[in-house]
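Hello,

Here is the structure for you to look at. My notes follow below it.

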Amino acid sequence: MTARTIAEDFLMSVCRCFTLIALLVWSVLPNLSQAETIALIGTGDVSRAFGPRFAELGHEVVYGSRTPERDDVREMVQATGGGASAELPADAAAQADIVMLNVPWSVAEEVALGLGDLSGKIVIDPINPRVVGEDGYRDYPTYTSNAERIQNLAPRAFVVKAFNTISADTMIDPDVLGHPVTIPVVGNDAAAKETVIGLAEALGYEAVDVGPVRYAHIVEGLYLLRSNTRDLGGDHFEYHFRRRETAAPQTIQ
Ligand SMILES: NC(=O)c1ccc[n+]([C@@H]2O[C@H](COP(=O)([O-])OP(=O)(O)OC[C@H]3O[C@@H](n4cnc5c(N)ncnc54)[C@H](OP(=O)(O)O)[C@@H]3O)[C@@H](O)[C@H]2O)c1
């Protein structure tokens, strides 16, 4: 073997090593390869819980606040890290691929309208519409769901209902209960749902596609069952759907 061949072989081995290392690094950082800009509209508990977690996954986080210069919003941005920022809601939404609408249900439509053109963007809706009756039970205040209302207002956006069935502590830590937590997801666009399911799984939840957006009223109703039980002195629970390993028997009506 000549000296030149030995040098060529050595060079080839080094190249192979680098390629292998690059592939390994790429494979353990899948989320960074799909980094999105996520606008979290509103600066309450839900944005506070998810902002830092999205940033940890390598996504760019921009909070949408009516007063982005407020001290607590600045602190939130600081605590989020990863180059997070805060803007007025419409400015935050304009630069995002994914917009998460973390505002009270009573202003959801007004806020969504103020965000400008949402065409082509995924809009995650974690909102729980409810009114409290005289007997203390939470009731559903709308005939259609919040998610359908938002989808009707922004027909070219991809509205995905998700994350509304969990509580703030399981948003911060999906393992806090010591058992898996399920996120039921509905929406009309399969690719948008796949993206949101991927996001939910990367955050540590199980996520299940339970149909088009017309089923959002059922997913929103799940919150009422959980909240009525909890707030009227009953047990606290989170939803965990257990997958059947065998097919269910067919029922004949
Ligand atoms: N908290 C939970 O555990 C939980 C769990 C599941 C689902 N959810 C749902 O997630 C949504 C967000 O809940 P949250 O607890 O984070 O906070 P929230 O109390 O509903 O308020 C969130 C933020 O919305 C903005 N906002 C308030 N009033 C507004 C108005 N009139 N117009 C425009 N923006 C307004 C405020 O941000 P700026 O002042 O910065 O603009 C506020 O911090 C709710 O719809 C709730 O049903 C909450």
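Gly233 comes after helix α10, and its phi is positive, near 90°. This is a predicted model: local features need pLDDT of at least 70, side-chain atom pairs count only at pLDDT 80 or more, and totals for chains, interfaces and linings use all residues. Residues are numbered from 1 along each chain as its sequence is written.

α10 itself covers residues 216-231, 16 residues. From first C-alpha to last, α10 reaches 23 Å, close to the 22 Å expected at 1.5 Å a residue (1.5 Å times one less than the number of residues). Helices here are DSSP runs of H or I, at least four residues; strands are E runs of at least two, and both are numbered from the N terminus.

Which residues of α10 are buried? Ala216, Val219, Glu220, Tyr223 and Arg226. Buried means 20 or more other C-beta atoms within 10 Å of the residue's own, with C-beta atoms placed from the backbone. These five cover an arc of only 110° around the axis, so they sit on the same side of α10. The arc is taken from the directions from the helix axis to the C-beta atoms. What covers them includes α7 (146-153), β8 (158-161) and β9, where contact means C-beta atoms within 7 Å.

Strand β9 (residues 182-187) runs parallel to β10 (residues 206-209), joined by four bridges. Pairing takes at least two DSSP bridges. Ile183 stands opposite Ala207 in β10.

Overall, the protein chain has ten helices and ten strands. Of its 253 residues, 36% count as buried.

Best wishes

Key
Buried ≥ 20, exposed ≤ 12 C-beta atoms within 10 Å, placed from the backbone. Contact = placed C-beta atoms within 7 Å.
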